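Trainee: Could we go through this model together, one feature at a time?

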Amino acid sequence: MSTIIMSGCATGIGAATRKALEAAGNKIIGIDIRDAEVIADLSTAEGRKMAIDEALKLTAGSLDGVVLCAGLGTQVKPCSKTTSVNYFGAVELLDAFFPELKKGHQPAAVVISSVASAHLSWEKNPLAAAFEAGDEAKAGAIVDAAGDQGGNLAYAGSKNALTVAVRKRTAAWGEAGVRLNTIAPGATETPLLQAGLKDPRYSESIAKFVPPLGRRAEPSEMASVIAFLMSPAAAYVHGAQIVVDGGIDAVMRPTSF
Ligand code: NAD
């Protein structure tokens, strides 16, 4: 049995992933704002510190995996909450758990990014410098001042930076024997997507976002890919972003990959 720390396991993709990983015989230590072993708010530095300390205590010195699902969507106000949870709520946890993961059995981590990570490039990401400097207040101030575009910028900008942060850790994590990958889901039937559909600012663009497969994904269809990446069957998959989007990225950006 492996011990895996998960964030965002209360609903949606995280809940389905928890179920799949538990069915495969793993012990899960969940971090979430509700329904988890560790109740913590990842939108604040104090919440993240508490989450890290409590989750590590519960591992009792044995940690083999990390799966980070917690995230907020475009509709959340203030937008700075989205940059805090989606970027700092993932990167700070990854770095804090790395030393323990190195001692784990066939250790691996998966971070949930998004197809939106490719909606802008790192070079043109207005949040890149703030994220790279670890300046949470600055990243938040940029999106909170962006008016109607704040929600999209906070979401796509934080997911772009999250995938970059994972890719920049690939060398050090690989040398330490810890596999680290992201998945980039497309539209998936979860509370986050439903909240976006209910917001008049985003409902039309989300509704139009229909992939070639002609339907949105079920959370279990993300969970099965995450469970694969966490398993020894993916022993040579490292530093990859696996796009799980029913084909929409290939349609939107056929020459970029
Ligand atoms: P969801 O809302 O069902 O899940 C998000 C989880 O994060 C919940 O368990 C929630 O309680 C938790 N969470 C939110 N704010 C938190 C906070 N401040 N502190 C701690 N936990 C917090 O939505 P989902 O769609 O399952 O999202 C999971 C991940 O998938 C997110 O990172 C999201 O960005 C990503 N994603 C979703 C879609 C989609 O279409 N649903 C597409 C691409 C990427």
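Trainee: At what angle do helix α2 and helix α3 pack?

Mentor: This is a predicted model, in which local features need pLDDT of at least 70, side-chain atom pairs count only at pLDDT 80 or more, and totals for chains, interfaces and linings use all residues. Residues are numbered from 1 along each chain as its sequence is written, and side-chain values use heavy atoms, with hydrogens and water left out. Helices (H or I, at least four residues) and strands (E, at least two) are DSSP runs numbered from the N terminus, while axes are lines fitted to C-alpha atoms, for helices over the stretch in contact, with angles from 0 to 180 degrees between N-to-C directions. On that basis, α2 (residues 45-59) and α3 (residues 79-101) have axes 10 Å apart and pack at an angle of about 35°.

Trainee: Which residues of α2 make the contact with α3?

Mentor: Contact means heavy atoms within 4.5 Å. From α3 the partners are S84, F88, G89, E92, L93, A96, F97 and E100. Facing them from α2 are R48, I52, A55 and L56.

Trainee: Which backbone contributes an N or O atom 2.7 Å from an oxygen atom of the ligand?

Mentor: A polar contact is a pair of N or O atoms within 3.5 Å; within protein, one must be able to donate a hydrogen and the other to accept it, and residues adjacent in sequence count only if both atoms are side-chain atoms. A backbone N or O atom of A10 lies 3.3 Å from a ligand oxygen atom, and for G12 the corresponding distance is 3.4 Å. The 2.7 Å distance belongs to the backbone of I13.

Trainee: Is the peptide bond from K77 to P78 cis or trans?

Mentor: Most peptide bonds are trans. P78 is found in the loop between β4 (65-68) and α3. With omega near -10°, the bond from K77 to P78 is cis.
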